[in-house]
Every structure is written in C-alpha cells, then in structure tokens.
Amino acid sequence: MSVPLSAEPQVRALLRELGAEAIVHPGGTLLAHLRRVQEQLAAWGARPALQLAGLCHAFYGTDGFPTSLLPLDRRTELAAVIGAEAEALVYFYAACDRRSSYPTLADPDAAYRDRFTGRTFTPDLGLRRDFAELSAANELDIARIDPAFREASGADLLTLFTRLRPLLSRLAWTDCHTELTTAPLPGGAVPRPWTVAVLGPGGVGGLLAALLSRAGHRVICVAGDATIRALREDGIRVRSGQFGDFTATVEADTELREPADLCLIAVKHTALGPALERLPPGVLGEGVVVPLLNGIEHPAVLRDRYGAERVAPGIIRVESTRTAPGTIEHGSPFTEIELSGAHERLAPLAALLEDAGVRTRVVEDETAALWAKLAFLAPFALLTTRYDRTIGEVRTERREELVALVEEAAAVSSACGAPADAAKALALYDAFPAGSKSSMQRDAEAGRPLELDAIGGALLRAAERHGVPVPVAARLMTALSAD
C-alpha cells in the first residue's frame, strides 16, 4: 500500500495524540524535531515514503532515543496511516543496533543487526540508502539545533557519514560535510567539493581516488577501457586496516575532457609517456599537477608539458595494491604524502588530503624530498628484485651488499645537494616487517615491466654526473637488465 504525502495531516494528528508535542527534545519538542527531519529530507528530494518515515522515525524509539510513541505490537496502526513501505522504513531505522551495524553498512555484505529480534542479515542496497539518508537528516538537525551536541559528536558523525558516503545522495553528503567539518574557512565560507582527476587508479591512485570520493569530492579516474568499465559499474572497492572496507563511487573516462582543480598522476614510470596522452595540457585548466611517481627525473618531463608553475611533485609512503580493476588492498597502517613547493600555494591541497584521511605535509625543498625517497627506495627495490627475497631475508642474507648500496645511494644524494644519513636508512630497513616486498619485486613476480630506469638508472646517471663511484648499484643494474 502506497500512501502519498496527503496523509501528513493525519500523521501529525496521530503524533499529537500520542504525546510527541509534550516530549522534550533538543530544539524544543520531539514533534518539532520530526517535522524538521521531514523538511530536510524533502529538501534533498526524498520520495514521499521516505519523507513520511522521517516524520515518524521515532515511533518505536531508536538505539539513541529510547522513548517510544507506539509499542511494536501496534505496527499495523502506523502502517494504516503512512503505508506499509514507510512503516517498514520506520521499523528498520528503529531496530538498528548501531554499534554492530554502522561499521559495515556501506559494504556489499553489510551485517545489519535487528536489536528487537537479534537477527543479523544483509539488507538490500535501497534500504541501506534510505537508512543513511534518514540518519543524516536526523543527526544534522540535532547538530544544528544543539551546539553542545555538535561540539561533542560532530567529529564522530563526520567519520560515520564519510563511511556511509556511498549510500548518501549528493545533497545529503554535501550538507553533512559542510555542517560537520570543524575547521571554518575565512569569511564564513563553506568548504566546496573539488574536482580531482586521477591518472592511473591502481594501488596508489585507486586508494586516493576512493578516499577523496568518500570525503565528498568529485573524482574522475582516467585509465584504459577495461578499468573504466569496472569503475563505472562497481566503483572502487577498498579493503584497508587503516580506513576500513568501503566502496566509493567515481567517474571514469579514457581521457580528461574538462578542467580539474587537482590532477594526481599515479601511473608507473614505465607507462608515463602513453598515459600523459590521456591528460591533454589544454584541458586541465588551472589545476595543480601532483605526480606520485618513483624517481627524480619525471618533474622535468611534466613541467615541459604542463608548465613549471602547475607541477608540485609529491612523495607517498604507502603499501597499496590493485588486485583487479577497481579493487584495492591497502596493507600498510599508514598513508603519508609530502608535497614539495611553496607552503602558501599548497596548504589548501594539503588540507584536502588531510580531510580525506591522508597524513600530508608541505616541504619547501623539492630536491631533498625526491632524493630522500630515491636513496631509500633504490637499495630496497634493487636487492629484493635481484635476489627475489623479502627485506627480512635481504638484511640478513645480503647484509654486506645492503650496507654498501645504502652508502652509495647516500653519497649520490649528498652530491646532488640532499645530504642523506646511511645509518638512519639502515635502521629503517631493520625496522621494516620482515616479509615486506618492494613494488618492483612484485612487478617482477607478476611479469610486469620494471621501473629499473626510473630508480636504478636515475641513480647511475646522477652518480656519473657527480663522479661518485657506485659499483654495487652498477653490478645489480647490469644483472637486472639482463634478466
């Protein structure tokens, strides 16, 4: 039975009859709160059944508001007034065991627990979307009305609705983000969603694309045909100990066709040339180009193509792998980015990434930042790949070579104007989980092209320019190039 919004006067009369006008609630009475929730849902374009559910969502009490207006054995009375569909939504909202249900609600295999019956099951996607929308309308109303509640719970609510972002309508998410973001912008402005292009939505690019989408930004992934089909159909599915398991909706295309505020370049160095054809310089607009590639030579290539003022090289520390198009396994308990450039220019970008959950800092010295990563990465990549051993095995079985190669890389880095501490690097290797593998080693195992030139080749070329002997690096490069 479907009941239109013309039933609203009957519903309000029933609410008054059951005492909703006399029950104290933040902002006045429960009745006033229920009416505001319905109005919020209407503003977001909710269909009549969901609006009626918003007006009646507290009839059976909730996990956060135990006062009920009607016992469960009288559900048919409410259904007779608002219709079976709306009443089922009211029951679903009231029955939710929030502690056990919230963590997985946005996942395809969500585990929803009915606190009235004890039953756990996976609701269909439409029901979960309605629940998320109603939850957002309810909590935002209280946050707006009660400053103390917003102060105490605003951060937790933002975390919750960020997790539920795939279920929320665009208008609902925008309001959640605007209302619950704690750092006000100058002049009372509200944060606006960015348009972010991600060239190469693999292990790194896919993770960042999903996090930025979940934070409320418009994300356009640029990739090949097979990848964009998967992203358009299923979004990006992330499994992460740090961020939880979630699915994010993104746009996808084989080429960037409109300006973007930010373009993250996350392809492998071996694919950089062809990939850049998907990112025409004239289309990008005024957006910042942030390459997150291994090596030290790519910024010059990008500046020649997009302009020196547009490129801000980044360094990312993360272990994240694409196991299939649109499927990301994030294994490290950290995700950190260093952006190199002027702080005043990059501070908004750093704040954007921080808001999405990525620890980000801005460093002025680009040379030092790029060499810090290359001097550390080269020994790790070359040795684990050459001997097909984990870092734990390398640091025990090939200790002498590791020490020599670390010292060579540090010497080249210092000669290039970026002093490096070999002892500190060795201490970091010794602290690595013993089973860690380099991305180059994983590429070798999978039969993919290796970033030998971007990592080892760049090291050898810099050594030659500055007259620094690097016999161990040269020997390893010769062996790997011959494989």
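Rings of Phe, Tyr and Trp (the six-membered ring of Trp) count as a pair when their centres lie within 6.5 Å, and a pair is stacked with planes under 30 degrees apart, edge-to-face over 60, and tilted for the rest. The model on screen is predicted, so local features need pLDDT of at least 70 and side-chain atom pairs pLDDT 80 or more, while totals for chains, interfaces and linings use all residues. Residues are numbered from 1 along each chain as its sequence is written, and side-chain values use heavy atoms, without hydrogens or water.

Select the aromatic residues: the whole structure holds 10 aromatic pairs. Among them, phenylalanine 376 and tyrosine 429 are stacked, at 4.5 Å centre to centre with 10° between the planes. Phenylalanine 376 belongs to helix α15 (residues 366-387) and tyrosine 429 to helix α18 (residues 422-431), 53 residues apart, where helices are DSSP runs of H or I of at least four residues, strands are E runs of at least two, and both are numbered from the N terminus. Tyrosine 429 is buried, with a relative accessible area of 0%, buried being under 20%, exposed over 50% and partly exposed in between (1.4 Å probe, protein chains only).

Next, select Phe92, Tyr93, Tyr102, Tyr112, Phe121 and Phe131, which ring pairs link into a cluster.

Finally, show the whole protein chain, which has 21 helices and 16 strands.
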